[in-house]
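Here is a short briefing on one structure.

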Protein chains: 2
Amino acid sequence: MLAQGTRILIVGLGLIGGSYAEGLRKAGYEVGAVTRSQKTLDYALAKGIIDSGSIEVTEDYVSRFDIVVFALYPHVFLSWIERYQGFIRPGALLTDVTGVKRAVVYKVEEMLRPDLEFVGAHPMAGREVYGVENADSSIFKGANYIVTPTPANTEQAVRTCEELGRTLGFGCISRLTPEMHDEMIGFLSQLTHCIAVALMNSKESEHLAKFTGDSFRDLTRIARINEGMWSELFLLNRDELLSQMDLFAEKFGELREAVAEGDIPKMQEMMRISTERRSRFDK
Amino acid sequence: MLAQGTRILIVGLGLIGGSYAEGLRKAGYEVGAVTRSQKTLDYALAKGIIDSGSIEVTEDYVSRFDIVVFALYPHVFLSWIERYQGFIRPGALLTDVTGVKRAVVYKVEEMLRPDLEFVGAHPMAGREVYGVENADSSIFKGANYIVTPTPANTEQAVRTCEELGRTLGFGCISRLTPEMHDEMIGFLSQLTHCIAVALMNSKESEHLAKFTGDSFRDLTRIARINEGMWSELFLLNRDELLSQMDLFAEKFGELREAVAEGDIPKMQEMMRISTERRSRFDK
């Protein structure tokens, strides 16, 4: 767990920022927030999600905190650091919740004051709803929390960042390089979202809704997607995402050819591989 | 509900045949079975899934029944009709559970005795397990049951076939032409299985299992697939499946190009369409 008395500032009170705030305050820490919306701030204060908050970014307020968690769109996060890092107290630890890592971690490191340290993190949790009104730290229970240290990080800061995840109740806390993280997320998350989006774009399927079985529902659940956030995340991981998309398209094309040619051994071989690989997930 | 006293023969005691038997017997009907395996027969008799059964196909046994349900692989079903239809009592109703329709319905009609009637049906239910040992008619609760009549059918026989579905507890009973059925199933079921199989073939992903979130798990649940059955069903619906696969591949390619070119408006437009279409499923 984080040291008692640690004061944590959440920058950006959306679903994830709000859920961090709620969970950390519940765990006994002093939690502040910076958000652009007075309404969001009022809501979070009224519901006891935060102890204090501000819609202005001021040195007086920001410098009170030991840990600063950025829960912003990536480009907003980077320009916040550029503009306001001077307000952060010397020795503070910075971390984030961004879904891509290479594109933020190295840029932040490049411009950060030498007396501050940033450790990237990715809480792999979410819901198909948005905003502080849906904040709920129980979404972290059992979920994956990935820390993406670089050679610029100290072991102590990385551990503190891991403690933050543990305090929030994550089930599995791992370390990956930013590169490994982005490859993994390109395949497991971004590619699957692309598949669901492409599938829903293939056919006006409302008239099919009554015939929709579990398989189609499961496959397309993630087709409900925040287009502003995800288009930004896709482009910030473009090389990895394209290479994962090409890999999938190649295998899909192989299966298509096997169907077209009536190549039963090839079709069955691919089905056996998929059955065997998938069964290991449910162990 | 089916008329009281109706005697029903199930040909093929796998998961679906066994679940039909179990549900119909529980509903108070006399249920017999023909299966090739003595072990399957003994199990079904011991568990009270059927009233009687035979591993031989004899006129004496088969002619006792008013309705005959075929729960066989498509090619086995067609050759059974060719070989044994002479044993079925005049006026009996034949139906099936096959997942593709054009390829069986018209072939059966072509060769069937004029004093018998066949009405195709597709119970859209299943599990990732097989065999009579997993028979469980509760899998039909709330599921779709599709009847695929043709101009050769009488209204009375179609209604009886629908009553069979109602008796088994299906939630939504519909009529579709064999052509509409095959298009729908090509898109909603066969294409989604192809996607899941191709995705699991894309990468040896065991080392990723610890990072696997719900989206990847949901998308690949159906990658566990009976390769004998599904390769046969794919080829019996080859034209429709290929056209659905091509439609999806085209949209997936469009999204890939949008990512490659950083075309944010195009990416966001596809995401908005998918979000909007998908949200209608959950109403």
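The C-alpha centres of domain 1 and domain 2 of chain A lie 31 Å apart. This is a predicted model. The domain assignment places domain 1 of chain A at 7–176 and domain 2 at 181–282.

**Domain contact in chain A**
- Domain 1 of chain A puts 14 residues into the contact, and domain 2 of chain A puts in 11.
- On the domain 1 side, the elements giving two or more residues are α4 (74–84), α5 (102–111) and β7 (144–148) of chain A.
- That side of domain 1 of chain A splits into 7 nonpolar, 4 polar and 3 charged residues.

**Contact between chains A and B**
- Chain B brings 72 residues into contact with 72 residues of chain A.
- On the chain B side, two or more residues come from each of β8 (172–175), α7 (178–202), α8 (214–220), α9 (227–236), α10 (238–260) and α11 (264–279) of chain B.
- The most come from α7(B), which gives 15 residues.
- By class, the chain B side holds 39 nonpolar, 18 polar and 15 charged residues.

**Nonpolar core**
- The largest nonpolar core has 169 residues.
- Within that core, A:I10, A:A21, B:I10 and B:A21 touch the most other members.
- Which residues does A:A21 contact, leaving aside neighbours within four places in sequence? They are A:I10, A:L13, A:V31, A:A33, A:A44, A:I49, A:I50 and A:A135.

Terms used
Residues numbered from 1 in each chain as written. Chains lettered and ligands numbered in written order. Predicted model: local features only at pLDDT ≥ 70, side-chain atom pairs only at ≥ 80, totals over all residues. Core = buried A, V, L, I, M, F, W, Y, C linked by C-beta atoms within 7 Å. Buried ≥ 20, exposed ≤ 12 C-beta atoms within 10 Å, placed from the backbone. Contact = placed C-beta atoms within 7 Å. Helix = DSSP H or I, 4+ residues; strand = E, 2+ residues; numbered from the N terminus. Nonpolar A, V, L, I, M, F, W, Y, C, P; charged D, E, K, R; others polar. Domains from an automatic or database assignment.
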